[in-house]
Amino acid sequence: MEDQNKPVIDVIIPAYRPDDSFQKLIGLLQEQTVKPHHIYVLQTMGEGDELMRPMNSDMTVHSVAKKDFDHGATRDYGARLAAEGNQAASYYFFRQNPDGS
C-alpha cells in the first residue's frame, strides 16, 4: 500500500543523443530520498539514431522526430504524458536547461 502522504514525482527529460552523463543523471535520480515515480524520456530522433532502451521499469522512452522538435511543445508533450492517469491534487512543473537558465 502506498503512503498517502508521500509525494509522487514524475521526471520529464528531453534528450538528444544521450551519453554517459545521461546514465549518471538517471543513477543520481534513483539515489534521491524520494525516488521518481516515473521517468519520461523524450528522445529527439535524428536520421540513423536508435531509440534508447529504458534503464529500469519506472522509465519509458518516447521518440520525437528531429523535424518536429520544439522546446515548448516537447515539454508540453512530456507534461501531458505524466498527467495521463495521474490523479494528483496539485501539479508543479519545473524546468532546467543545460546552460542553467
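**Figure 1. Overview of the predicted protein model.** Among contacts (heavy atoms within 4.5 Å) in the protein between residues at least 6 apart in sequence, 48% join residues at least 24 apart. This is a predicted model, in which local features need pLDDT of at least 70 and side-chain atom pairs count only at pLDDT 80 or more, while totals for chains, interfaces and linings use all residues. Residues are numbered from 1 along each chain as its sequence is written, and side-chain values use heavy atoms, with hydrogens and water left out. The protein has two helices and three strands, where helices (H or I, at least four residues) and strands (E, at least two) are DSSP runs numbered from the N terminus. Read from the N terminus, the elements follow the order β-α-β-β-α. Of the 101 residues, 27% count as buried; buried means under 20% relative accessible area, exposed means over 50%, and partly exposed lies in between, with a 1.4 Å probe and protein chains only. The accessible surface comes to about 7,600 Å², and carbon and sulfur atoms account for 50% of that surface; these areas come from the Shrake-Rupley method with a 1.4 Å probe, and for residues only the protein chains shown count as cover.

Figure 2. Strand 2 (residues 38-45) is largely enclosed by the rest of the structure, because eight of its eight residues are buried. H38, Y40, L42 and T44 point one way from strand 2, whereas I39, V41, Q43 and M45 point the other way. Strand 1 (residues 10-16) pairs with strand 2 in the parallel sense over seven bridges, two strands being paired if DSSP finds at least two bridges between them. In this pairing V11 stands opposite I39, and V41 is the bridge partner of I13. Strand 3 (residues 59-65) is likewise joined to strand 2 by seven bridges and runs parallel to it, with M59 standing opposite I39. Strand 1, helix 1 (residues 20-30) and strand 2 make a right-handed β-α-β unit; a crossover is right-handed if, with the strands pointing away from the viewer, the path from the first strand over the helix to the second runs clockwise.

Figure 3. R17 lies in the loop between strand 1 and helix 1, and R17 has a positive phi of about 50° although it is not a glycine. Most residues other than glycine have a negative phi.

Figure 4. A nonpolar core is a set of buried Ala, Val, Leu, Ile, Met, Phe, Trp, Tyr and Cys residues joined through side-chain atoms within 4.5 Å. The largest one has eleven residues, namely V11, I13, A15, F22, I26, L29, I39, V41, M52, M59 and V61. Strand 1, helix 1, strand 2 and strand 3 are the elements that give two or more residues to this core. Apart from this core lies another, of five residues, among them Y40, V64, L81 and A82. Leaving out residues up to four places away in sequence, V41 touches I13, A15, F22, M52, M59, T60, V61 and H62.

Figure 5. H38 is buried, because its relative accessible area is 13%. A polar atom of the H38 side chain lies 3.2 Å from the backbone oxygen of D58. Not counting residues up to four places away in sequence, H38 touches I9, D10, V11, D58, M59 and T60.

Figure 6. T74 is found in helix 2 (residues 71-83) and counts as buried because its relative accessibility is 3%. Leaving aside neighbours within four places in sequence, T74 is in contact with P14, L42, V64 and F69. E47, in the loop between strand 2 and strand 3, is exposed, with a relative accessible area of 82%. E47 and K66 are 19 residues apart in sequence and 8.3 Å apart in space, C-alpha to C-alpha.

Conventions: Polar contact = N/O pair within 3.5 Å; in protein donor to acceptor, adjacent residues only side chain to side chain.
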